[in-house]
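Student: I would like to go through this structure contact by contact. Could we start once it is on screen?

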Amino acid sequence: MSFWRVLLSIFFPPLAVLDKGCGSIFIVFLLWLCGWVPGVIAALVILNNPER
């Protein structure tokens, strides 16, 4: 995870997971609409997943 990707996930989480697939973007976007913190946490978890 790069520094810029972490900053992007803090300010606009759906854009940070853009290359992870449509499902990830949709989940992060919905969580981000529910609240800023769940969206950021979901984006960081998806970005930190070593399987992808």
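Tutor: One definition before we begin. Helices are DSSP runs of H or I with at least four residues, numbered from the N terminus. Keep in mind that this is a predicted model.

Student: In which helix does P13 lie, and is P13 buried or exposed?
Tutor: P13 belongs to helix α2. Its relative accessibility is 0%. The cut-off for buried is under 20%. So P13 counts as buried.

Student: Which residues does P13 touch, leaving out those up to four places away in sequence?
Tutor: Contact here means heavy atoms within 4.5 Å. Sequence neighbours up to four places away are not counted. That gives L8, V28, W32, G39, V40 and A43.

Student: How far apart in space are P13 and W36, C-alpha to C-alpha?
Tutor: In sequence, P13 and W36 are 23 residues apart. In space, their C-alpha atoms are separated by 8.8 Å.

Student: How many salt bridges does the structure hold, and which side chains meet?
Tutor: Side chains of opposite charge can pair when their charged atoms come close. The structure holds 1 salt bridge. With an N to O distance of 3.1 Å, its partners are R5 and D19.

Student: Which parts does the pair of R5 and D19 tie together, and how many residues apart are they in sequence?
Tutor: R5 sits in helix α1, residues 3-11. D19 sits in the loop between α2 (13-16) and α3 (22-34). So the pair ties together parts whose separation in sequence is 14 residues.

Student: Are R5 and D19 buried, partly exposed or exposed?
Tutor: R5 has 27% relative accessibility, so R5 counts as partly exposed. D19 has a relative accessible area of 54%, and exposed means over 50%. So D19 is exposed.

Student: At what angle do α1 and α4 pack, and how far apart are their axes?
Tutor: Two packed helices are described by the angle between their axes and the distance between the axes. Helix α4 covers residues 36-48. For α1 and α4, the angle is about 155° and the axes are 8 Å apart.

Student: Is α1 roughly parallel or antiparallel to α4?
Tutor: Angles over 145 degrees count as roughly antiparallel. The angle here is about 155°. That makes the arrangement of α1 and α4 roughly antiparallel.

Student: Which residues make the contact between α1 and α4, and is the crossing left-handed or right-handed?
Tutor: From α1 come R5, V6, S9 and I10. From α4 come W36, V40, A43, L44 and L47. The crossing is right-handed.

Student: Is S9 buried or exposed, and which residues does S9 touch beyond four places in sequence?
Tutor: S9 lies in helix α1. With a relative accessible area of 0%, S9 is buried. Beyond four places in sequence, S9 touches A16, V40, A43, L44 and L47.

Student: How many aromatic pairs are there, and what is the geometry of F3 and W4?
Tutor: The structure holds 3 aromatic pairs. The centres of F3 and W4 are 5.3 Å apart, with 70° between the planes. Planes over 60 degrees apart count as edge-to-face. So the pair of F3 and W4 is edge-to-face.

Student: What about F12 and W32: what is their geometry, and which cluster do they join?
Tutor: The ring centres of F12 and W32 are 4.7 Å apart and the planes are at 85°, so this pair is edge-to-face. F12 lies in the loop between α1 and α2, and W32 in helix α3, so the pair ties together parts 20 residues apart in sequence. Ring pairs form a cluster of F12, F29 and W32.

Methods: Residues are numbered from 1 along each chain as its sequence is written. This is a predicted model: local features need pLDDT of at least 70, side-chain atom pairs count only at pLDDT 80 or more; totals for chains, interfaces and linings use all residues. Side-chain values use heavy atoms; hydrogens and water are left out. A salt bridge is a side-chain nitrogen of Lys or Arg within 4 Å of a carboxyl oxygen of Asp or Glu. Helices (H or I, at least four residues) and strands (E, at least two) are DSSP runs, numbered from the N terminus. Buried means under 20% relative accessible area, exposed over 50%, partly exposed in between (1.4 Å probe, protein chains only). Rings of Phe, Tyr and Trp (its six-membered ring) pair if their centres lie within 6.5 Å; planes under 30 degrees apart count as stacked, over 60 as edge-to-face and the rest as tilted. Axes are lines fitted to C-alpha atoms, for helices over the stretch in contact, and angles run from 0 to 180 degrees between N-to-C directions. Angles under 35 degrees count as roughly parallel, over 145 as roughly antiparallel, 65 to 115 as roughly perpendicular and the rest as oblique. A crossing is left-handed if the near helix is turned anticlockwise from the far one by less than a right angle, and right-handed if clockwise.
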